[in-house]
Amino acid sequence: MADPVRGKVWLLRGAFVGLALVLFFFRILPLGSDAGKWPGPDLLLCIILAWVTRRPDYLPALLIAFVVLAEDLLLMRPPGLWAALVVVASEFLRSRAALTRELSFIVEWLLISGVMLALLLGYRLVFAIAFLPQPGFGFAMVQTIASILCYPFVVGLSWLALNLRKPAMGEVDAYGRRM
Amino acid sequence: MAKDRSGPEEFTRPLRRILVGVLVLLLLVVFLIWRIDSPRVERFRAALIDRLVPNMEWALLPVTKAAGMMDDFQSYTRIYEQNQELRRELQQMKAWKEAALQLEQKNARLLDLNQVRLDPKLTHVTGVVLADSGSPFRQSVLLNVGARDGIRDGWATMDGIGLVGRISGVGQTTARVILLTDSNSRIPVIVQPSGQKALLSGDNSSAPPLEFLEKPDLVRPGDRVVTSGDGGVFPADLLVGQVAQGTDRRLRVRLSADYERLEFLRVLRSHDLPPITDPGGVVAPPLPAALPALPEDAAAVEGADG
């Protein structure tokens, strides 16, 4: 099965892991900690949601779970919780891939924004149930808003750099099946 | 290779759904285990970071240096203003130096009179900051010294001037320092001229607030804040910072340590801390004469230990 399309799937999976590593690397650079600075976007989340919406077959659930769990462990978050929520969100989008394929980008953006907000609220809800201390709501919200604003750029860059887009009408996959 | 798509798809979809459900459940179980037995999972996390991050040091170092050079280059453009400012500060410092020298001589005389010997156990290990916490909601740094160098959980960490944080999580070659600004940091402090005791509790802002002050009226902005050594966690009399009033009219502490540039940190070898093995007893008023009173400061604890 050494056809080029199959190779591209694995290439993109490798690119995903590589991107996650690069993002992690730049986040832990010791450039002086400035507490209270506005948090930036969660780019890994943007990448996962954008890619799952476009080509669900490129990101299997197990890969997402492993990468996000590793990020949980490395960034001192409670391990497992964020990973579980991101897997649920990606499954939600995956099962609606046929629907989102028809949507215009603005509507897709709205849908993704809703998913990101739901992720934030679910995360904070579990924190509250488990009696864990958490940062202020507005502070966490800034990160979600930054992620939502970054989403179109992530989509555009993955389209330009990796030619990642929704399958066109009548396109066939590696096995010659209609997608 | 054209296959009928509906056949296997119909069969695998429920199976796939179950597998994903199991995966999510497993992840939630990991979270639950962490919530129930946090120290064990945190030790695993420290070991994982200990394996991973030092491998990235070769790449972290040049990028950090390059960023530092860019910062320095930007500061060249303001060199004239900086020069003026430095001259002004130098004038003030000269006066302070005079005062410090006199005080030093006086202190030496007094120490000599009292035949004080400084505690030889209060030495330090210096480490280099390897990495940040990586998350905007956690304030911690990773040092390149660890259990190999004798670092233990709970030891105080300072930069040249003031307290920076506390060791929490030790790997073989790395140790994590929870900074005073982290929302999990609670340090017993004493506000200097008035002697008011308080708790410095980080809240993810650059100036952590003072809590549980008995008489806030006695505390004025500009007062010195030092560690009190209550509870035997920290050595007493480490400089923390100065009191300042925040915009929300809460008393906050402007930290003396230079948090913008944490590069070399000192880990103070404290006395052996009692390891925390159980989740602590019920907080209740002490029974008369049944419980010994808590020692007043760290020096008393040390005396009892040694």
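This is a predicted model: local features need pLDDT of at least 70, side-chain atom pairs count only at pLDDT 80 or more; totals for chains, interfaces and linings use all residues.
Helices and strands are DSSP runs, at least four residues long for a helix and at least two for a strand, numbered from the N terminus. A:Met76 sits in the loop that joins helix H3 (61-74) to H4 of chain A. Its phi is positive, about 60°, although A:Met76 is not a glycine. Most residues other than glycine have a negative phi. A residue is buried if 20 or more other C-beta atoms lie within 10 Å of its own, so A:Met76, with 22 C-beta neighbours inside 10 Å, counts as buried.

The helices of chain A come next. Helix H4 (residues 81-95) packs against helix H6 (residues 105-129) at an angle of about 150°, and their axes are 10 Å apart. Angles over 145 degrees count as roughly antiparallel, and H4(A) and H6(A) are therefore roughly antiparallel to each other. Their crossing is right-handed. On the H4(A) side the meeting residues are A:Leu81, A:Trp82, A:Leu85, A:Ala89, A:Phe92 and A:Leu93, while H6(A) brings A:Val115, A:Leu119, A:Gly122, A:Tyr123 and A:Val126. By class, this contact has 10 nonpolar residues, 1 polar residue and no charged ones. An α-helix has 3.6 residues a turn, so residues three or four places apart point the same way.

Another pair in chain A is formed by helix H2 (residues 43-54) and H7(A), whose axes come within 9 Å and cross at roughly 55°. H2(A) and H7(A) are therefore oblique to each other, and the crossing of H2(A) and H7(A) is right-handed. From H2(A), the contact draws on A:Leu43, A:Leu45, A:Cys46, A:Ile47, A:Ala50 and A:Trp51; from H7(A), on A:Ser147, A:Cys150, A:Tyr151, A:Val154, A:Val155 and A:Ser158. These divide into 10 nonpolar and 2 polar residues, with no charged ones.

Turning to chain B, the secondary structure comes to 5 helices and 12 strands. Buried residues make up 29% of the 306 residues in chain B. Among contacts in chain B with a separation of 6 or more, 58% join residues 24 or more positions apart. B:Val233 belongs to the loop between strand E9 (224-227) and strand E10 (239-245) of chain B, and with 19 other C-beta atoms within 10 Å it is partly exposed.

Helix H4 (residues 79-114) of chain B has 36 residues and reaches 49 Å from first C-alpha to last, close to the expected 52 Å. None of the 36 residues is buried, so H4(B) lies largely in the open.

Finally, the two chains meet: 47 residues of chain B are in contact with 39 residues of chain A. The largest share of the chain B side, 9 residues, comes from H1(B). By class, that side has 27 nonpolar, 12 polar and 8 charged residues.

Conventions:
Residues are numbered from 1 along each chain as its sequence is written. Chains are lettered from A and ligands numbered from 1 in the order in which they are written. Axes are lines fitted to C-alpha atoms, for helices over the stretch in contact, and angles run from 0 to 180 degrees between N-to-C directions. Angles under 35 degrees count as roughly parallel, over 145 as roughly antiparallel, 65 to 115 as roughly perpendicular and the rest as oblique. A crossing is left-handed if the near helix is turned anticlockwise from the far one by less than a right angle, and right-handed if clockwise. Two residues are in contact if their C-beta atoms, placed from the backbone, lie within 7 Å. Ala, Val, Leu, Ile, Met, Phe, Trp, Tyr, Cys and Pro count as nonpolar, Asp, Glu, Lys and Arg as charged, and the others, Gly among them, as polar. The expected span of a helix is 1.5 Å times one less than its number of residues. A residue is buried if 20 or more other C-beta atoms lie within 10 Å of its own, exposed if 12 or fewer, and partly exposed in between; C-beta atoms are placed from the backbone.
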